[in-house]
Every structure is written in structure tokens, then in C-alpha cells.
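Please look over the sequence and the fold below before reading on. The paragraphs that follow start from a single residue and then widen to the whole chain.

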Amino acid sequence: MNRLQDELNMPHFSLHKLRHYFASYMSSLNIPEADILEMGGWETDYVMKNVYRHTMKDKLKTSQDKASDALSKILF
């Protein structure tokens, strides 16, 4: 994999990091946890919930703006 990444002039990453990114990104898309578990091959949700699921920074700003807009409409 390292050789291929070098040939394609790509940053190096491991398959483990790709799986980590996959779980985090699927979570940020609000994919149901049961579906993420199935697609990622986890038997339980412990690892996914406590290790892999992170807020994607670019999605956090969008979520904050969406929440702010919704609250503004309710309050004002």
C-alpha cells in the first residue's frame, strides 16, 4: 500500500485510519448506527461509539449554523 501511495503521490494512511474515517463520516451523515456497524463489520457498538465516532469539523460548523437558524426562528 505504501508503494502505491508513493506512486500516486498520495499521503500515507493505513487501512485502519480509512476505517476510522469511514465510521466518523457515516456518523456525520446521520447514517443509522446499526447500518454503520454492519458496513464496518463491528460486532458491537462499543468500539464504534467510543473510538471511531467523531464529529467531522466541516460538518460541525454546518450543524451549528442549522441549529442557530432553527432556534432563531423559534425565539424571534
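**From one residue to the whole chain**

At 2% relative accessibility, Gln5 counts as buried; buried means under 20% relative accessible area, exposed over 50%, and partly exposed in between (1.4 Å probe, protein chains only). Gln5 belongs to helix α1, residues 2-7. Helices (H or I, at least four residues) and strands (E, at least two) are DSSP runs, numbered from the N terminus. Neighbours within four places in sequence aside, Gln5 is in contact with Met10, Pro11, His12 and Phe13, where contact means heavy atoms within 4.5 Å.

The model is predicted: local features need pLDDT of at least 70, side-chain atom pairs count only at pLDDT 80 or more, and totals for chains, interfaces and linings use all residues. Residues are numbered from 1 along each chain as its sequence is written, and side-chain values use heavy atoms, with hydrogens and water left out.

Helix α3 spans residues 33-40, and its buried residues are Ile36, Leu37 and Gly40. Seen down the axis of α3, these fall within an arc of 100°, so they line one face of the helix; the arc is that of the directions from the helix axis to the C-beta atoms. The face turned away from this buried side carries the exposed residues Ala34 and Glu38. After α3 comes Gly41, with a positive phi near 80°.

Overall, the protein has five helices and zero strands. Of its 76 residues, 16% count as buried. Among contacts with a separation of 6 or more, 39% are between residues 24 or more positions apart.
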